Amino acid sequence: MRRPSIAIAAIAVTATLGLTACAGGGASDSAAAAGTAAADGATTSTINLYAYAVPKVGFDVVIPAFQKTKAGQGVQFQQSYGASGDQSRKVAAGAEADFVNFSVEPDITRLVDAGLVDPNWNANEHKGIPFGSVVTIVVRKGNPKGIKDWDDLLKPGLEVVTPNPFSSGSAKWNLLAPYAAKSNGGVDKAAGLAYVSALVKDHVKVQPKSGREATETFLQGSGDVLLSYENEALFIEKNGDPVEHVTPPTTFKIENPAAVLKGSKNLATATAFNDYLYTPEAQKLLAEAGFRPVDPTVAQEYTSKFPAPTKLWTIADLGGWKTVDSTLFKKDVGDIAKIYDQATQ
Amino acid sequence: MTPDTDQQRRGPYPETDAAPLPPRPDATAPDGIRPHGGDAALPDTPPDTLPTGRPAEPPRGTTRPRRHGKGLRRLRGPLGIGIVTLWLSVIVLLPLAALTVAAFDEGLAGFWEAVTAPAALASLWVTVLVSAVVALVNAVVGTLVAWVLVRDEFRGKRFVNAVIDLPFALPTIVASIVLLSLYGPNSPIGVELNATRWGLVVALLFVTLPFVVRSVQPVLIEADHEVEEAAASLGATTWTTFRRIVLPTLAPAILSGTGLAFARAIGEYGSVVLIGGNIPRETQVASQYIQQQIEIDRPLNAAAVSVALLAIAFVTLLLLRVVSSRSQRREERDA
């Protein structure tokens, strides 16, 4: 019996070594790490947070700060991050969430339609948008392909990484930015769609599911250009990855909504957390993490960090999400949806 | 994705049941009398070796007659069959039926459209192509590894023997990270395989390594050395001996190991997810396509391709059984 036990021990030891050696390298979109430990004796409640893929860096600083406030004492967080549309469908399908933060408004509208979020969720002064960003172009260090504006992306042979708009909110913003620029805010629809079609057909080869996964794909060496949130670009630059970003003179304002679920077991704490996001304190932390603040006073302080593009189109300029989603992104019907399906089928 | 691969994940050792037990040395005795009472007894005979190649202790309980427990004896009858049927239904058949129903949600036309979408077809093609390459490489190299482990003595043999099972012990996603750190961008050895089909091949070779080795090893241990010596003394060259004596004995085991490796490879997800690159029409395998269709809210496409994958796996295993039972029959006739 000695021999087998040695062999088993060898397997176990090697496997453990392998596991520990690799533990640091895990790429995960849905880190379910809980928040910091509760203060002894304080009442504990847990907020289940479902968010799109990239704001984790923001919540990583905002959550500990919230836990230091009176309302946040002892509150635990169970966080899940992933592709915006995918996350929204999970919550609609019954995943237990107290607070949601998605990339695009339609993903919250889905929960309103499902009776999970109050129709007045966006009644506050910032319309339910605690932070935002702009669409930017990430290139390799030194910008070897000389990318400056949207037209440069159509250079022959250039490969663009942008996620799949059927699962990712980031992808929708990424395609809306050049669409708005080329169509002059939706006036010349045909010109806008022609650009999107050329981009998707000839330059988009991979279809990552989320903005985060697109970043990972790009950092692993695929593609010449990554379309992404400015906050994501700032984040990976800060991490020391060999990339830089170019914000085109005409781009798009990203607005990332957040809402509380009305059937939440921790309605009071979840609402308190949602309200906290709009406080100057949280807005500053978010700005430090790379997200454009919505509080005008805080935004004033960070103008140098977040330069205003020459022209910034907004979703309102295109008629609001309801119009944009049904005419451009709706499965089998929307113009961009059809272009994307045709190119990727 | 397929029940076959799931079944494989449950236990570290490939089922040896697909391969007939090796011809027992005494079965080839000149008088042709089988000491164990004919064919029927063969499958019931406990294997003499564990798949790891170590002599086994006699299995406890099977040799001792059971006097207590009438219930256990009743298990062999209709009750036993009932339990097996129920278990298989709940665990395997019903979920498969549900999946098939989902795949035909929009009728045969909907199913056909989903499966023949160019991206779906491409992913199935990439999957089968890469898995076939992997299975073939495994057939050759796996047999060689088993040969060395059984016939050669060297320092650290026991360690190597344990390493063979490592791919089973490692979670497949870990395999992916391991391979990415060696063959990914900024590869320390200057070989960048990520986002290529070679990357897929390497990842799948990693996770399917044990199948052929572990099927062939016990057969090789059992194989009668004297027959080879006899062949050599009759003037056969090494190659002839291998071709005429060794290979026929090993063939069913090699075939079974190769088939299982293939079945495992077509359903593999974790090990290819990072190194494969998931490029549609190039390195996107069927399991990744299915995952993607779920994420973009097209469950019908996912179910349809799953059914196609299932059919491929099923046909593979079926062929395997037919071929191995035929070769078993031939073996017995020859004996």
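Predicted model: local features only at pLDDT ≥ 70, side-chain atom pairs only at ≥ 80, totals over all residues.

What pattern does chain B follow when read along the sequence?

Tutor: Read along the sequence, chain B follows the pattern α-α-α-α-α-α-α-α-α-α-α-α-α. Its secondary structure accordingly comprises 13 helices and zero strands. Chain B has 335 residues, of which 37% are buried. Of the contacts in chain B between residues at least 6 apart in sequence, 80% join residues at least 24 apart.

The domain assignment divides chain B into domain 1, residues 71-103, and domain 2, residues 107-334. The centres of these two domains of chain B, taken over C-alpha atoms, are separated by 28 Å. Where they touch, five residues of domain 1 of chain B are in contact with seven residues of domain 2 of chain B. On the domain 1 side of that contact in chain B, four residues are nonpolar, one is polar and none is charged.

Packed helices are in general described by two quantities, the angle between their axes and the distance between the axes. Helix α4(B), residues 107-116, packs against helix α13(B), residues 299-334, at an angle of about 80 degrees, and their axes are 8 Å apart. Because angles of 65 to 115 degrees count as roughly perpendicular, α4(B) is roughly perpendicular to α13(B). From α4(B), the contact is made by B:Gly110, B:Phe111, B:Ala114 and B:Val115. From α13(B), the contributing residues are B:Leu300, B:Asn301, B:Ala304, B:Val305 and B:Ala308. The residues of this contact between α4(B) and α13(B) comprise seven nonpolar, two polar and no charged.

Strand β8(A), residues 250-256, is mostly covered, with six of its seven residues buried. With strand β4(A), residues 131-140, β8(A) pairs in the antiparallel sense over four bridges. A:Ile254 in β8(A) is the bridge partner of A:Ser133. Strand β11(A), residues 311-313, runs parallel to β8(A) and is joined to it by three bridges. In that pairing, A:Thr250 stands opposite A:Lys311 of β11(A).

Methods:
Residues numbered from 1 in each chain as written. Chains lettered and ligands numbered in written order. Buried ≥ 20, exposed ≤ 12 C-beta atoms within 10 Å, placed from the backbone. Helix = DSSP H or I, 4+ residues; strand = E, 2+ residues; numbered from the N terminus. Pairing = 2+ DSSP bridges. Axes fitted to C-alpha atoms, helices over the stretch in contact; angles between N-to-C directions. Parallel < 35°, antiparallel > 145°, perpendicular 65-115°, else oblique. Contact = placed C-beta atoms within 7 Å. Nonpolar A, V, L, I, M, F, W, Y, C, P; charged D, E, K, R; others polar. Domains from an automatic or database assignment.
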